[in-house]
Amino acid sequence: MAFDELTEELALRAAQGDQAALNGLLRKIEPDVLRHAARFLPCRQDAEEACQDALLQVARNIHRFEGRSRFSTWLHVVVANSARSTYRSLKRRSVEQAGELPQQRPDPRRTSVIAGSRVDILDAMEDLEARKPDLIQALVLRDVSQLEYAEIAEQLKLPLGTVKSRIHEARRQVRQTLGESYT
C-alpha cells in the first residue's frame, strides 16, 4: 500500500482531529485495505470483515499517528493485526460451532491450493506468535506487507540488523512448523 501525498496529508489532518479528513481518508483507503487483508485471508467475506475492523481501528486510533513515518507504513501494521485477529476469531468460532478441534489441514476437495496454503501459513504464524511474539511483527511487515527492511526498522523502532535477524529466525521457525511440503 503506497499512497500519494494527498492521502498522507489527509492522514495528518485526520490525526489532528479533522473529521472531514478522516471520512475522506477512510473512503480513499478502503479498496487498498481490502486487497491487503485478502493477502492474509483466503475467503473474500473474511477479508471484508478484517477490512472493516481495520478501518474501525484507523478511525479510533488515527490520533496515535504522529506523522514520523508514512501513513502507509502505519496502516500496514493496523491491517496485518486486524487480519490476524479476524483469523483467530474465525478459528475460535469454528471450534465452538464444531464442538471439537478443526482439521490441521484444509480439505482439498473444498479449498483451493492457494487458499489452503494461506490457511497453513496463518496457522504457522499463529503458532509462531504464541511461542515467539517478538518475531511475528517483523515477518508480517516484510513477507506479507512487503515493506523494505529500513521501513520495518523505523516502524518497530529497532536497529536494522535486529529486524533482519528476526525475519530470518521467523522464516526458519515458520518453515519448521510447515514441514517438508513447504521447503
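Is Arg70 buried, partly exposed or exposed? Arg70 is partly exposed, with a relative accessible area of 33%. The model discussed here is predicted. The protein has eight helices and zero strands, and 41% of its 183 residues count as buried.

**Overall build**

- Along the sequence, the pattern of the protein reads α-α-α-α-α-α-α-α.
- Among contacts between residues at least 6 apart in sequence, 65% join residues at least 24 apart.
- Eleven salt bridges turn up in a search of the whole structure.

- Glu8 is found in helix α1.
- With a relative accessible area of 7%, Glu8 is buried, because buried means under 20%.
- Arg70, at 33%, is partly exposed.
- Glu8 and Arg70 form a salt bridge, and their closest N and O atoms are 3.5 Å apart.
- Helix α1 covers residues 5-15, while Arg70 sits in the loop between α3 (44-61) and α4 (71-98), so the Glu8 pair with Arg70 ties together parts that are 62 residues apart in sequence.
- In space, the C-alpha atoms of Glu8 and Arg70 are 7.0 Å apart.
- Glu5 also belongs to this group: Glu5, Glu8 and Arg70 are linked in a network of salt bridges.
- Leaving aside residues up to four places away in sequence, Glu8 touches Phe3, Arg70, Phe71 and Ser72.

**Two other salt bridges**

- Asp18 pairs with Arg13 in a salt bridge whose closest N and O atoms are 3.3 Å apart.
- Asp18 is partly exposed, with a relative accessible area of 30%, and Arg13 is partly exposed at 31% relative accessibility.
- Glu169 pairs with Arg172 in a salt bridge, with the closest N and O atoms 2.7 Å apart.
- Both Glu169 and Arg172 belong to helix α8 (residues 160-178), where they are three residues apart, about one turn of the helix.
- Glu169 counts as partly exposed at 23% relative accessibility, and Arg172 is partly exposed with a relative accessible area of 36%.

**The annotated domain**

- An unreviewed UniProt entry carries the annotation "domain: RNA polymerase sigma factor 70 region 4 type" for residues 137-173.
- Over residues 137-173, the chain is 81% helix and 0% strand.

**How α7 packs on α8**

- Two packed helices are described by the angle between their axes and by the distance between those axes.
- Helix α7 (residues 149-156) packs with α8 at an angle of about 105°, and their axes are 9 Å apart.
- That angle makes α7 roughly perpendicular to α8, because angles of 65 to 115 degrees count as roughly perpendicular.
- On the α7 side, the contact is made by Tyr149, Ala150, Ile152 and Ala153.
- On the α8 side, the contact is made by Leu160, Val163, Lys164, Ile167 and Arg171.
- By class, the contact of α7 with α8 has seven nonpolar, no polar and two charged residues.

**How α6 packs on α8**

- Helix α6 (residues 133-144) and α8 pack at an angle of about 95°, and their axes are 8 Å apart.
- The helices α6 and α8 are therefore roughly perpendicular to each other.
- Asp134, Leu135, Ala138, Leu139, Arg142 and Asp143 make the contact from α6.
- Arg166, Ile167, Glu169, Ala170, Arg171 and Val174 make the contact from α8.
- The contact of α6 with α8 divides into six nonpolar, no polar and six charged residues.
- Ile167 and Arg171 of α8 take part in the contact with α7 and also in the contact with α6.
- Glu169, which forms a salt bridge with Arg172, is among the α8 residues that meet α6.

**Lys157 in the loop**

- Lys157 lies in the loop between α7 and α8.
- The phi angle of Lys157 is near 55°, a positive value in a residue other than glycine.
- Lys157 counts as exposed at 59% relative accessibility, because exposed means over 50%.

Terms used. Residues numbered from 1 in each chain as written. Predicted model: local features only at pLDDT ≥ 70, side-chain atom pairs only at ≥ 80, totals over all residues. Heavy atoms only, no water. UniProt positions renumbered as here; feature names shortened; annotations may be inferred. Helix = DSSP H or I, 4+ residues; strand = E, 2+ residues; numbered from the N terminus. Salt bridge = Lys/Arg side-chain N within 4 Å of Asp/Glu carboxyl O. Buried < 20%, exposed > 50% of the residue type's maximum accessible area, 1.4 Å probe, protein only. Axes fitted to C-alpha atoms, helices over the stretch in contact; angles between N-to-C directions. Parallel < 35°, antiparallel > 145°, perpendicular 65-115°, else oblique. Contact = heavy atoms within 4.5 Å. Nonpolar A, V, L, I, M, F, W, Y, C, P; charged D, E, K, R; others polar.
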